[in-house]
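Biologist: I would like to learn how to read a structure like this one. Could you take me through it feature by feature?

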Amino acid sequence: MGDIVLAGSTSGTTTLTPAAVSGTTTLTLPASTGTVMVNGPAFSAYANAATSLTNGAFTKISFQVEDYDTNNNFASSRFTPTVAGYYQVNAATSIAAGTTAELSMAVYKNGSGHKQGSDFITAGTQYSQTISTLVYCNGSTDYIEIYVYIAAASKSTGTGDNSVWFNGAMIRGA
Amino acid sequence: MELIDKIKQIYPELTTEDFSPRGTIRLQNDSDGKGDYIAKWEHPTLARPTEEQLA
C-alpha cells in the first residue's frame, strides 16, 4: 500500500507516507484526543560579548550567536516560538571575579518576570548561575527572555558557548 | 549614579534587600540602551519616586 491522503475539512490534504523499509512497521496512536506534535521549534544561543549589569536591577542578558534555530524563532536575544505549546527553556550565566555579590536568574515572559531561579551570595573568584523551567507559549505573541539580578556594582556577564547560554525546545503541543 | 543609589538617596531607609528578588521593588534594564527603570514598586509604606525626584 502506498500513501494515504486525507482531505482537509476546508482545503488541502494531509498525506501519510509509509517508511521505505521491508517488513512490518506498526504505528500505534495513543487512546486520547489531541494533536500529534511533529518536530517543534528548538534553539540554542550563547553570548560572545559581555552584558553590563546594573547594581540592584534585573538586566536582560544578550545572546549574540546561535548554535541552531530550527524554526527561525530566536532574534534579539528573545525566543518567540510560532508554534503554540509547552517549552522547556534553560539558561546559564557566569560573572567575572570581584566583590561579594548576590546573583540570581529569571525567565521572563512577555517582558515580566515569570519564573525566578535560585540565588546565592558568594565572594568566589568567579560564579555562575543556571535556570530551567517549563513555559507555555501561544505561538504568536508570547516571547521568552533571560534576565539576571546582581547586587554588586560594576559587574558584567562572562562570555562563551559553555558558560553564558540560552536554549529551549518544544516538548508538547498546545 | 545608578538608579538604586538615587532611590536610596531619596529613601535612606531602603536596603539592598528591598531590591532583591524577594523584595517589593524591582529595577529593570532591558539592555536596549534606555537604561534602568522601576518595573515594580510595591513597597507597603514608601511612595514610588517621581521622575522629577530621580532626575
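Predicted model: local features only at pLDDT ≥ 70, side-chain atom pairs only at ≥ 80, totals over all residues.

Biologist: Which residues does T133(A) touch?

Modeller: Not counting residues up to four places away in sequence, T133(A) touches Y87(A), Q88(A), V89(A), V107(A) and K115(A). T133(A) sits in strand β12, residues 127-137 of chain A. Helices (H or I, at least four residues) and strands (E, at least two) are DSSP runs, numbered from the N terminus.

Biologist: Is T133(A) buried or exposed?

Modeller: Buried means under 20% relative accessible area, exposed over 50%, and partly exposed in between, with a 1.4 Å probe and protein chains only. T133(A) has 15% relative accessibility, so it counts as buried. M1(B), in contrast, is exposed at a relative accessible area of 63%.

Biologist: Where is M1(B) found, and which residues is it in contact with?

Modeller: M1(B) lies in the segment before α1 (3-10) of chain B. Leaving aside neighbours within four places in sequence, M1(B) is in contact with K6(B) and Q9(B).

Biologist: Now the whole chains. What is the secondary structure of chain A?

Modeller: Chain A has zero helices and 15 strands. Chain A has a radius of gyration of 21 Å, well over the 16 Å that the rule gives for 174 residues, so it is more spread out than a compact globule. Its C-alpha atoms fill a box of roughly 70 × 35 × 30 Å along the principal axes. Of the contacts in chain A between residues at least 6 apart in sequence, 71% join residues at least 24 apart.

Biologist: And in what order do the elements of chain B run?

Modeller: From the N terminus on, the order is α-α-β-β-α. The radius of gyration of chain B is 11 Å, close to the 10 Å from the globule rule for 55 residues, so chain B is as compact as a globular protein of that length. Of those 55 residues, 40% count as buried.

Biologist: How do you look for pockets?

Modeller: Rolling a probe the size of a water molecule over the atoms shows where empty space is left. On a 1 Å grid over the protein atoms alone, a pocket is an open set of points where a 1.4 Å probe fits, with protein on both sides within 12 Å along at least five of seven lines; lining residues have an atom within 4 Å of a point.

Biologist: Which residues lie nearest the centre of the largest pocket?

Modeller: T17(A), P18(A), A19(A), T25(A) and L27(A) do, among twelve lining residues. The lining has seven nonpolar, five polar and no charged residues. Here Ala, Val, Leu, Ile, Met, Phe, Trp, Tyr, Cys and Pro count as nonpolar, Asp, Glu, Lys and Arg as charged, and the others, Gly among them, as polar.

Methods
Residues numbered from 1 in each chain as written. Chains lettered and ligands numbered in written order. Heavy atoms only, no water. Rg over C-alpha atoms; globule rule 2.2 N^0.38 Å. Contact = heavy atoms within 4.5 Å.
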